[in-house]
Amino acid sequence: MDERLIRAQFNGLSEPEKVEIMKSLAERYQMNFKEISNFSRWEKSSATGIFEKDGADFVFVPGDAVTLGWASFSEGLTADSAEELREVYEEFEFDGTYEEFLGSMLTSPHTVEIMPMLAEREPRGIYGDKIPVDDPRVRPEWREALTRAISGRETLTAFTVLDKVRFTRTGDIWKAEIYSDITYAGLLENLAIDGYSLPTADEWAYLCGGGCQTLFPWGDGIIQGLRLQHFDKAPFTLYKPNFFGIKIAFDPYKSELIHANSPMSMGGDGGVNICGGLGKFLGYLPCSPYYKPQAVEEPMDGECLFRRIIRIE
């Protein structure tokens with residue numbers, strides 16, 4: 001492997017050297033190299049290449065040997081998170097330490113080598129491409145349902161019909177995305193045909209946390225100033241590019257499929273903890289890089305997300 005594709009070496013290169021490498025990757029993987037861009041978040045930063053392929057943006061993510069997983073607090077819980085956890089302990093009468101309780105839901109520390117990759121910047125749904133609402137593939141009853149939904153609701157920006165089609169609005173224009181009924185094995189096969197893969201659990205954790213030693217990329221608890229979906233008003237803090245330039249783990253109601261022996265996902269629990277009234281800390285714990293992968297039942301519904309990657313050999 002080209003040592004320049006390892007994180008420490010890559011970060012030490014000059015911009016012209018990085019551009020040279022990015023152009024060679026673009027040629028190898030038939031992508032359009034757009035620019036070198038700087039990203040900084042949670043005291044980590046990178047200047048990396050942005051690419052375009054098949055209508056989506058990708059970023060170069062350098063490889064690294066990192067320790068992933070969690071066993072104990074590096075910084076300690078914030079006061080608010082500790083209070084939330086104390087209340088849960090009292091209500092459900094848990095035994096053991098906080099570390100034991102949290103550790104049962106998280107992966108244990110382990111050291112792995114992550115290959116460099118080109119990673120899609122935003123996860124995508126199993127829905128198809130966005131098409132005009134008047135496209136013949138959009139059934140009349142779906143359009144009628146949308147018309148009824150938006151009547152008198154000027155602020156509505158998204159609407160789903162029975163996991164069959166999702167309508168989203170940009171400005172005054174509504175577009176439709178039709179759900180693609182596909183199995184997990186079929187999705188993996190289709191991705192491989194096009195030269196893509198899903199990230200493994202370790203790769204996803206690296207993309208999310210960069211090898212952090214804390215529960216979350218920013219620390220061990222919910223810090224002051226975080227604006228979280230389902231608790232605060234927009235703009236939401238986590239729906240921004242991280243230090244690798246990707247949007248990831250921003251909503252516990254949304255999880256991403258990963259590459260595994262059976263359908264598994266990371267980055268959320270479907271909102272189970274939040275719906276159970278467990279508060280911000282435990283509500284967002286499934287967004288931790290180290291939350292254990294969750295089994296996904298088939299047939300997969302239209303809310304499943306996935307992120308395409310290309311591993312650089």
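Predicted model: local features only at pLDDT ≥ 70, side-chain atom pairs only at ≥ 80, totals over all residues.
Several elements give two or more residues to the lining, namely β3, β7 (124–125), β9 (158–161), β10 (165–170) and α6. Of these, β10 provides the largest share, with 4 residues.

**Cavities**

Searching the whole structure turns up 2 cavities of 30 Å³ or more. The largest cavity holds about 110 Å³ of space. It has 14 lining residues, and W42, P217, L238, I248 and A249 lie nearest its centre.

You'll find W42 in the loop between β1 (32–41) and β2 (44–53). Its phi is positive, about 55 degrees, although W42 is not a glycine. Is W42 buried, exposed or partly exposed? With a relative accessibility of 22%, W42 counts as partly exposed, because buried would require a value under 20%.

D54 also has a positive phi without being a glycine, in this case near 50 degrees. D54 belongs to the loop between β2 and β3.

Now for the inside. In soluble globular proteins, nonpolar side chains tend to be buried together. In this model, the largest nonpolar core has 51 residues, and L102, F281, L282 and L285 have the most contacts inside it. Helix α7 (residues 201–209) contributes the largest share of this core, 5 residues. Another core lies apart from it, made up of 34 residues, including A47, F60, L198 and F306.

What does F281 touch, leaving aside residues up to four places away in sequence? The list is L77, S81, E84, L85, L102, L215, F216, D220, G221 and I222. F281 counts as buried because its relative accessibility is 1%, and buried means under 20%.

**Aromatic rings**

There are 16 aromatic pairs in the whole structure. One of them joins F58 and Y196, and it is stacked, with 5.8 Å from centre to centre and 5 degrees between the planes. This pair links distant parts of the chain, 138 residues apart: F58 sits in strand β3 (residues 56–61), while Y196 is in the loop between α6 (184–193) and α7. Both F58 and Y196 are buried.

F281 turns up again in a pair with F216, this one edge-to-face, at 6.3 Å centre to centre with 75 degrees between the planes. F216 lies in the loop between α7 and β12 (256–258) and F281 in helix α9 (residues 279–284), so this pair ties together parts that are 65 residues apart in sequence. F216 has a relative accessibility of 0%, so F216 counts as buried.

Here are the two pairs next to each other:

| Pair | Arrangement | Centre to centre | Between the planes |
|---|---|---|---|
| F58 and Y196 | stacked | 5.8 Å | 5 degrees |
| F216 and F281 | edge-to-face | 6.3 Å | 75 degrees |

Some rings gather into a group as well: Y89, F92, F94, Y98 and F101 form one aromatic cluster.

K18 places its charged end over the ring of F10, 4.9 Å from the ring's centre.

**Cis peptide bonds**

Follow the backbone and you'll come across a cis peptide bond from A234 to P235, with omega near 5 degrees. P235 is in the loop between α7 and β12. The peptide bond from E298 to P299 is cis too, with omega near 0 degrees. P299 has its place in the loop between β14 (294–295) and β15 (305–306).

**A residue on the outside**

Finally, take D80, in helix α3 (residues 79–92). Buried or exposed, which is D80? D80 is exposed, because its relative accessible area is 59% and exposed means over 50%. Along the chain, D80 and K280 are 200 residues apart, and their C-alpha atoms are separated by 9.3 Å.

Technical notes:
Residues numbered from 1 in each chain as written. Heavy atoms only, no water. Buried < 20%, exposed > 50% of the residue type's maximum accessible area, 1.4 Å probe, protein only. Core = buried A, V, L, I, M, F, W, Y, C linked by side-chain atoms within 4.5 Å. Contact = heavy atoms within 4.5 Å. Phe/Tyr/Trp six-rings, centres within 6.5 Å; stacked < 30°, edge-to-face > 60°. Lys NZ or Arg CZ within 6 Å of the ring centre and 35° of its normal. 1 Å grid on protein atoms, 1.4 Å probe; cavity = no way out; pocket = protein on both sides within 12 Å on 5 of 7 lines; lining within 4 Å. Points joined across faces, edges and corners; volume = space filled by probe spheres on them.
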